[in-house]
Amino acid sequence: MVAIILKEHTMIKFVNVNKTYPNGTVALTDVNLEIKEGEFVAILGLSGAGKSTMLRTLNQIIDVTSGNIYFNNVDINTYEIYGDNIEKEIEKQKKKNPEFDESKLNLQEIDITQIKGKKLRKMRSNIGMIFQNFNIIKRMSVIQNVLSGRISYNPIWRTIIGLFPKKDKEIALEALDRVDILEKTYHRASDLSGGQMQRVAIARSLAQNAKILLADEPVASLDPITTFEVMKFLKKICDEDGITMIANLHHVDLALEYATRIVGVREGRIVYDIQVKDKKDQDIINDLETVYGRPLSQKDFVGEE
Amino acid sequence: MNPELVARLPKKPKRIKFYSTLALVVAIIVSAAVFSGFSILDIINNLRFATRLLKSMFFPPAWDYADNVIKPLLQTIQMAIAGSFIGAILAFPAALLAANNFIKIKWLNTTVRLFLNFFRTIPALVLAALFVSIFGIGSFAGVVALTIFSFGLISKMTYESIEAIDYGQVEAIISLGGNKLNIFRYAILPQVLPQYMSYTLYAFEVNVRAAAVLGYVGAGGVGQTYQIWLDLRRFDRVGIIIIISFVAVLIIDLISSAIRRRLV
């Protein structure tokens with residue numbers, strides 16, 4: 001049986017997180033937040049409210065000034081995140097690897113702000129990230145970009161010469177197929193449109209086998225039609241793979257349509273937190289005026305699909 | 001003019017900065033001329049010597065000597081190639097250490113930059129003279145001098161390019177669990193490789209010209225030939241060396257800059 005199962009069913013837990021940048025800018029103040037597995041959390045707030053910082057502290061691209069960020073049920077041998085639904089994850093592991101030995105599992109609560117080096121990199125390989133500017137490698141082909149999602153699963157020499165094993169290529173091609181862009185496999189990434197680039201980035205996170213996906217304004221550089229397309233792909237992979245999603249969005253209607261929970265951030269503090277199904281859309285929109293500190297207008301919505 | 005329009009017009013900015021910069025530049029040029037003893041009179045007075053020299057060099061040059069120029073010139077080009085490419089290989093790791101967005105250790109960046117500046121301060125000719133005294137007369141000393149010269153040039157331009165990359169791609173590789181080597185391979189190399197190759201070619205162009213004089217201190221190549229005929233005052237032979245070298249440099253520059261245009 002599994003060694004330790006924590007009582008609380010929380011996948012991610014921010015405890016009193018503060019972040020002040022070296023130049024004195026206070027980005028986060030006393031952030032406390034618990035996120036359950038499978039949630040789709042939309043973080044809303046004005047630009048500069050601390051949304052991007054919050055997301056980046058989760059995978060420690062940005063470190064915290066004080067406070068802790070816990071991940072529940074992390075196997076301390078492999079730093080894989082098992083999350084709330086351990087039995088399901090074990091089943092998944094067994095399917096991947098028939099010799100998987102669950103008695104060796106040692107699940108513990110890990111504070112990502114306290115780990116460094118190889119352990120931190122292993123933790124990060126569970127956590128995908130999608131960016132506003134896509135951040136795919138433009139001078140490489142689409143398939144190479146998706147394969148770069150496998151770097152943490154391969155020895156360094158393979159990643160340096162770019163020689164990935166056949167099974168990784170299969171994983172990459174399947175990921176491309178799932179975001180419906182298989183026909184662009186051998187294209188140079190710079191030749192793609194914005195929406196296609198973002199789909200390649202999603203495929204990269206799929207290849208990475210992310211349990212948690214952080215999306216920093218994933219559709220802010222896209223036109224309305226592509227916006228809905230990309231949001232649908234994000235929603236689809238989260239539902240199908242049980243990925244926990246945390247997305248900074250600046251369109252309120254996208255949050256209402258795709259997220260299960262809305263968290264409002266204002267001047268580095270969490271000022272609003274609600275399950276979307278618990279309240280009428282219009283009431284949430286009214287509440288958000290206090291988060292934004294101004295009435296909402298047309299530009300806060302993408303509009304009709 | 002419409003007075004209402006004039007009233008709403010913002011105050012015209014004063015161009016103090018422009019005029020003071022202009023005055024400063026003029027002052028620098030004039031004082032530089034004074035301090036270096038530059039004199040137009042001297043030029044005019046010595047003009048006839050210059051015309052005599054030019055006449056003995058190019059009217060006509062020693063065409064029959066042309067065959068003997070090719071071999072040392074090729075040696076010069078070989079020295080330039082070896083120097084630029086070895087310098088370029090050494091320059092990349094140094095550029096990575098100097099770039100403050102790859103290695104975020106300030107004292108290390110500063111130390112490496114200081115070290116690179118030090119090498120760039122020493123003229124290639126002085127380096128060549130120093131290495132001739134270490135390795136003896138011959139093209140090896142020249143290659144070492146050009147290597148160090150190219151190293152200084154390429155590493156500086158490359159670390160500036162590394163610092164100007166799109167950092168988002170670095171963040172993406174970090175988020176994938178990548179280490180420094182992965183970041184280098186996937187986020188930095190693809191972004192700076194074209195510029196880096198372009199700088200290497202540029203260093204090669206500069207080196208071909210620099211290499212031509214290195215022989216003067218005994219570091220091999222066409223410079224040694226220059227020295228012999230200048231000492232013997234055979235200016236017609238000096239003339240033909242200049243003509244052939246000029247054509248070679250022109251061809252190399254044309255090819256190299258055509259490649260560089262395609263790279264970036």
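Q: A crossing of two helices is right-handed if the near helix is turned clockwise from the far one by less than a right angle, and left-handed if anticlockwise. Is the crossing of α5(B) and α12(B) left-handed or right-handed?

A: The model is predicted. In it, α5(B) and α12(B) cross in the right-handed sense.

Q: At what angle do helix α5 and helix α12 of chain B pack?

A: Angles of 65 to 115 degrees count as roughly perpendicular, under 35 as roughly parallel, over 145 as roughly antiparallel, and the rest as oblique. Here α5 (residues 66-98) and α12 (residues 235-263) of chain B pack at about 50°, and their axes are 10 Å apart. The pair is therefore oblique.

Q: Which residues of α5(B) and α12(B) make the contact?

A: From α5(B) come B:Ala66, B:Val69 and B:Leu73. From α12(B) come B:Ile240, B:Ile241, B:Ile244, B:Ser245 and B:Ala248. Seven of the residues in this contact are nonpolar, one is polar and none is charged.

Q: How are α7(B) and α8(B) placed to each other?

A: Read the angle again. Helix α7 (residues 124-135) and helix α8 (residues 139-163) of chain B pack at about 140°, with axes 8 Å apart. They are therefore oblique to each other. Their crossing is right-handed.

Q: Which residues in α7(B) meet α8(B)?

A: In α7(B) they are B:Ala124, B:Leu127, B:Ala128, B:Phe131, B:Val132 and B:Phe135. Their partners in α8(B) include B:Phe140, B:Gly142, B:Ala145 and B:Phe149. By class, this contact has 13 nonpolar residues, one polar residue and no charged residues.

Q: How many residues has the largest nonpolar core?

A: In soluble globular proteins, nonpolar side chains tend to be buried together. The largest nonpolar core here has 150 residues. Those with the most contacts inside it are A:Val146, A:Val200, A:Ala203, A:Met245, B:Ala128 and B:Ala145. Helix α10 (residues 180-214) of chain B gives the most to this core, with 15 residues.

Q: What does A:Val146 touch?

A: Leave out residues up to four places away in sequence. Then A:Val146 touches A:Ala172, A:Ala175, A:Leu176, A:Val200, A:Ala203, A:Arg204 and A:Ala207.

Q: How many residues of chain A are in contact with chain B?

A: The size of an interface is often given as the accessible area lost when the parts come together. Here we count residues instead. Chain A has 22 residues in contact with 16 residues of chain B. On the side of chain A, α3 (117-124), β6 (127-130) and α5 (156-161) each give two or more residues. That side has nine nonpolar, nine polar and four charged residues.

Key. Residues numbered from 1 in each chain as written. Chains lettered and ligands numbered in written order. Predicted model: local features only at pLDDT ≥ 70, side-chain atom pairs only at ≥ 80, totals over all residues. Axes fitted to C-alpha atoms, helices over the stretch in contact; angles between N-to-C directions. Helix = DSSP H or I, 4+ residues; strand = E, 2+ residues; numbered from the N terminus. Contact = placed C-beta atoms within 7 Å. Nonpolar A, V, L, I, M, F, W, Y, C, P; charged D, E, K, R; others polar. Core = buried A, V, L, I, M, F, W, Y, C linked by C-beta atoms within 7 Å. Buried ≥ 20, exposed ≤ 12 C-beta atoms within 10 Å, placed from the backbone.
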